[in-house]
Amino acid sequence: MKIKHPINLSKGLTSFFVLGLMTLYQNFTVTAWVYLALHGTYGILWLLKDRIYPDKSWEEEISIPMGITGFFIVCLYWVAPFILISQNIQASPPLIGVVVAMNILGVFLHFSSDAQKYYTLKYHSGLITEGFFARCRNTNYLGEVLIYGSFALLTQHWLPFVILGLFISLLFVPNMLKKDKSLSRYPQFEAYQQVSGLIFPKLLLNESEKNIVSQEN
């Protein structure tokens with residue numbers, strides 16, 4: 001079993017889980033359908049991404065008990081639809097608009113930056129300092145935070161935000177710092193680190209940082 005197998009199983013079952021909740025609680029409101037469309041589509045896109053440009057970090061072999069544990073950990077994201085549907089939470093049209101926009105932006109950043117990373121490293125190994133990674137070293141994680149943040153916002157409950165915060169602090173940030181440590185072997189990393197943010201894009205540069213960028217160009 002690989003790390004990706006329980007993750008993919010959870011992503012693939014999301015649509016069925018949410019639709020099952022809607023049927024169980026007879027909740028077929030606009031808010032419930034919007035949640036199903038957003039989270040369900042994200043799960044399908046994740047599976048397509050794994051098929052077209054898989055992430056090597058998810059290919060590591062793990063034991064079956066670890067896989068089962070991993071599955072239930074990833075399924076913590078299902079708390080949001082359970083709360084939304086079981087408690088019949090309704091979102092206002094403006095909030096739905098914000099959530100949809102936030103989700104689309106997150107999907108764009110997450111999947112597009114992963115595609116850039118995959119196809120760049122496939123043909124040319126080294127430090128990626130352009131495109132989606134020009135001002136942000138972890139654009140894919142930023143996209144994922146926006147995606148799950150949109151689910152939590154639509155739910156309008158504190159618990160999904162706490163779960164997202166746990167994933168960010170216990171998984172996302174350690175992985176980003178581990179990646180920085182690995183990339184530090186490249187001579188140009190120190191300069192790149194000065195002009196890029198860990199997860200949020202560094203858009204405002206001081207004079208020395210602007211000089212670094214001009215030298216790169």
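Select Phe151 to begin: at 2% relative accessibility, this residue counts as buried. The model is predicted, so keep that in mind throughout.

**Stop 1: the ring pair**

The cut-off for buried is under 20% relative accessible area. Now look at the two rings. A pair of aromatic rings is described by the distance of the centres and the angle of the planes. For Tyr35 and Phe151, the centres are 5.4 Å apart and the planes stand at 50°. That makes the aromatic pair tilted. Colour by helix next. Tyr35 belongs to helix α2 and Phe151 to helix α6, so the pair ties together parts that are 116 residues apart in sequence.

**Stop 2: the aromatic cluster**

Together they form one aromatic cluster. How many aromatic pairs does the structure hold? There are 19.

**Stop 3: the largest nonpolar core**

Which residues of the largest nonpolar core touch the most other members? Select Tyr35, Tyr42, Leu84, Ile85, Phe151 and Leu154. This core has 43 residues. At least two core residues come from each of α1 (4-24), α2, α4 (79-86), α5, α6 (139-155) and α7 (158-183). Helix α6 gives the largest share, eight residues.

Zoom in on Ile85. Leave out residues up to four places away in sequence, and Ile85 touches Val18, Leu21, Met22, Tyr25, Asn27 and Ala32.

**Stop 4: the second core**

Move on to Leu127, Ile128, Phe189 and Tyr192. They are among the seven residues of a second, separate core.

Keep Phe189 and Tyr192 and hide the rest. Phe189 is buried, with a relative accessible area of 5%. Tyr192 also counts as buried, at 2% relative accessibility. What kind of pair do the rings of Phe189 and Tyr192 make? Their centres are 6.4 Å apart and their planes lie at 65°, so the pair is edge-to-face. The cut-off for that class is over 60 degrees between the planes.

**Stop 5: the nonpolar surface patch**

Switch to a surface view. Select Ile44, Leu48, Ile52, Tyr119 and Tyr123. These residues make a nonpolar surface patch of about 540 Å². Helices α2 (30-52) and α5 (93-123) are the elements that give two or more residues to the patch. The largest share, three residues, is from α2.

Pick out Tyr119. Is Tyr119 buried or partly exposed? Tyr119 is partly exposed, with a relative accessible area of 35%. Its place is in helix α5.

**Stop 6: the start of the chain**

Finish at Met1, in the segment before α1. Met1 counts as partly exposed, at 38% relative accessibility. Which residues is Met1 in contact with, leaving aside its neighbours within four places in sequence? Select Pro6, Glu60, Glu61, Ile62, Ser63, Ile64 and Gly67.

Last, draw a distance from Met1 to Pro65. The two are 64 residues apart in sequence, yet 10.0 Å apart in space, C-alpha to C-alpha.

Key: Residues numbered from 1 in each chain as written. Predicted model: local features only at pLDDT ≥ 70, side-chain atom pairs only at ≥ 80, totals over all residues. Heavy atoms only, no water. Patch = residues over 30% accessible without salt bridge, like charges linked within 9 Å, V, L, I, M, F, W, Y side chains within 5 Å. Areas by Shrake-Rupley, 256 points an atom, 1.4 Å probe, with all protein chains shown as cover. Salt bridge = Lys/Arg side-chain N within 4 Å of Asp/Glu carboxyl O. Helix = DSSP H or I, 4+ residues; strand = E, 2+ residues; numbered from the N terminus. Buried < 20%, exposed > 50% of the residue type's maximum accessible area, 1.4 Å probe, protein only. Core = buried A, V, L, I, M, F, W, Y, C linked by side-chain atoms within 4.5 Å. Contact = heavy atoms within 4.5 Å. Phe/Tyr/Trp six-rings, centres within 6.5 Å; stacked < 30°, edge-to-face > 60°.
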